[in-house]
Amino acid sequence: MSDTTRSKEVVGMDAETLTLALETIREYGRKHLTHERLIELDAKNECPGDILKDLYDPEKVAIMSLMIPEAYGGMGGSSLDLYRVVEALARFDLGVTTSVFATYLGMDPILVGGTEAQKKKWIGKIADTQCHVAYGATEAAAGSDLLRLQTRAERVMEGDKVIGYTLNGGKMWITNGGIAGVYTILARSAKGVSWFVMEKGTPGLTSGKHEDKHGIRLSDTTPLYLKDVFVPAENLIGEVEGKGLRQAQAVFGYTRLMVASMALGAGWQALEHAIRYSQVRLVGGIPLSNKQGFTHKLIIPFVARLEACRAYIEEVSRRLDGGEVGLQTEGAVAKLLASETANRAADNAIQAYGGNGYVREFPVEKIKRDVKITCIYEGTSEVLELTVFRERWQHNLNAEGRYYDKTAEEMDALHAKDPGAGAAAAAVALRALSRTLKACHEQKLTHNQIVMMKLGELICYAESAAAFCRAAAQEKHSDAVVFDRDTWRAMSRIHARHAASRITGEGSALVAGAGEAGATNPAEGLAAEACAKVQAGDIADMDLVAKNLPATIKA
Ligand SMILES: Cc1cc2nc3c(=O)[nH]c(=O)nc-3n(C[C@H](O)[C@H](O)[C@H](O)COP(=O)(O)OP(=O)(O)OC[C@H]3O[C@@H](n4cnc5c(N)ncnc54)[C@H](O)[C@@H]3O)c2cc1C
């Protein structure tokens, strides 16, 4: 029986193979995923079968085999490899990336919860046929709340032996629903919710029409109908009923990291378009790129935050690849911050383009529509805020209110060793968070859902600031970082300062707003002072980033 976790160490691809894979994706994208082709498919609401076929084809882009473990005929990419691959593809089109990701996601219940025989059979089949896979969890009444699942799997008995299951029900918003060769379906069985695997063409399994969506229109999304669908008992994933929710939960650390990587790619793509445009667009007779209203307002805070997301994604990927289990909260932090940041970045890119940003002829309009989905699927932003809050709140209680103080002390030590990474500001952010959590606890403010959600959001800022400082203090930065050392470290400082001022300001406003009228916290004055102190040098750092961005992102 398989464990329901990804508990083994994953070595992943060697650096040369990863570079080759990324170059292949970029070369294919530049040739075939041109803006003209994408905007035409977007207008027609068409999922491009030829492109997806090329992406999976082992002789062409071979993207499917990157995620399949070597034992089942793939290249066995690690989380770190896959984040790079997903980000690279998302820079071209988020709909196409969603389709590929859904195939990864659809395989996960089998990889995580399947028996060895099931893995061999189904993963082997997917690898051999390079078919799409669909992950069928959501229903009309069960999206964020999967406990409301209504699709049923009734046992079919032969004497006292279960020989199979009959499934009845329906699924909604299923990516690859109309084009998949293999489906993993979550249904309620006698002993609880379970995953079942089935093939296209199984009698009774049909899909509805491809949805007319706001964005990611190149990905196929349909409802699924299950009417008296019979599957043999061996198609129950793991061959034990009632493990479905645990199996779904077990991969959230990793799958949400992948959605964060998609947001990272799309958000960066939007900003890159805006940066290039600013180099040729004249306002008041000079390039837009020379105006602080463009660089310091619309671009740099978001460049810094996206790079903070990168640092966080890489830190969590390494932990997953090292064999740490779960990390669902870390996955939620990464997805929440990256998707919300990418949305703001894409919105700002439209703003930077002015009227040109508002028409379909220019790429940022489509990116903005596409990227919105990253705040909805694999856990909505609100659900993730609650997830992050609940888990970290408990950790903090277990640590007697010192959970974030300990990370602040780590940042103090980092700052003493390396004053240029931004760790002093990160320490202020973490202490402000710790103080806010304490005040919320003492004043019993978390019966307000909005307080829990806001705390969830602030936690993302604090944790990402710490991760960015750790990465920025390294001698050698990740290969994914395209900036020189000074510029990237300036981004880390900018993000840490922003986290400090946001948590200090919003944290005390939150406590004041939810607490009793007139209640003040005597520590606030000192905290505001500490926060103001670490803001020194912020404009100079933004100037530095503004100067170096165009050299990295050429017109
Ligand atoms: C394009 C697309 C592709 C998708 N692909 C797939 C797929 O391949 N497979 C699959 O299984 N699903 C898929 N989904 C479904 C997706 O995961 C769900 O839409 C998502 O989980 C949200 O569920 P919902 O739509 O039912 O919204 P709801 O859960 O009804 O949410 C509605 C609102 O309520 C909020 N909310 C929810 N719970 C709470 C709470 N406890 N407190 C406060 N606010 C709350 C949400 O944040 C949201 O703002 C896809 C969806 C889309 C749009």
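Modeller: Start with burial. Buried means under 20% relative accessible area. This is a predicted model. Nine of the ten residues of strand 4 are buried, so strand 4 is largely enclosed by the rest of the structure.

Biologist: How many residues of strand 5 are buried?

Modeller: Seven of its eight, so to speak by the same cut-off of under 20% relative accessible area. Strand 5 covers residues 192-199 and is mostly covered.

Biologist: In which sense do strand 4 and strand 5 pair?

Modeller: Two strands pair if at least two bridges are found between them. Strand 4, residues 180-189, and strand 5 pair in the antiparallel sense, over eight bridges. A hairpin of two residues joins strand 4 to strand 5.

Biologist: What pairs with strand 4 in the parallel sense?

Modeller: Strand 1, residues 132-136, over five bridges. Look at Y183 in strand 4. A134 stands opposite Y183. In strand 5, M198 is the bridge partner of Y183.

Biologist: And the side chains in such strands?

Modeller: In a regular strand, side chains alternate between the two faces of the sheet.

Biologist: Now the ligand. How many residues surround the ligand?

Modeller: Count a residue if one of its heavy atoms lies within 4 Å. Here 20 residues surround the ligand. The closest are Y135, T138, S144, T380 and E382. The shell divides into eleven nonpolar, six polar and three charged residues.

Biologist: Which polar atoms lie by the ligand's nitrogen and oxygen atoms?

Modeller: Look for N or O pairs within 3.5 Å. A polar backbone atom of Y135 is 2.7 Å from a ligand nitrogen. A backbone N or O atom of W173 lies 2.8 Å from a ligand nitrogen atom. From T380 comes a polar side-chain atom, 2.6 Å from a ligand oxygen.

Biologist: How much of the ligand's accessible area does the protein cover?

Modeller: On its own, the ligand has 970 Å² of accessible area, and the protein covers 67% of it. Strand 3 (161-175), helix 13 (381-398) and helix 16 (449-472) are the elements that give two or more residues to the shell.

Biologist: What is V545 in contact with, beyond four places in sequence?

Modeller: Contact means heavy atoms within 4.5 Å. V545 is in contact with I300, T487, A490, M491 and I494. As for R502, 43 residues from V545 along the chain, the two C-alpha atoms are separated by 21 Å.

Definitions and conventions. Residues are numbered from 1 along each chain as its sequence is written. This is a predicted model: local features need pLDDT of at least 70, side-chain atom pairs count only at pLDDT 80 or more; totals for chains, interfaces and linings use all residues. Side-chain values use heavy atoms; hydrogens and water are left out. A polar contact is a pair of N or O atoms within 3.5 Å; within protein, one must be able to donate a hydrogen and the other to accept it, and residues adjacent in sequence count only if both atoms are side-chain atoms. Accessible areas come from the Shrake-Rupley method with a 1.4 Å probe; for residues, only the protein chains shown count as cover. Helices (H or I, at least four residues) and strands (E, at least two) are DSSP runs, numbered from the N terminus. Ala, Val, Leu, Ile, Met, Phe, Trp, Tyr, Cys and Pro count as nonpolar, Asp, Glu, Lys and Arg as charged, and the others, Gly among them, as polar. Buried means under 20% relative accessible area, exposed over 50%, partly exposed in between (1.4 Å probe, protein chains only).
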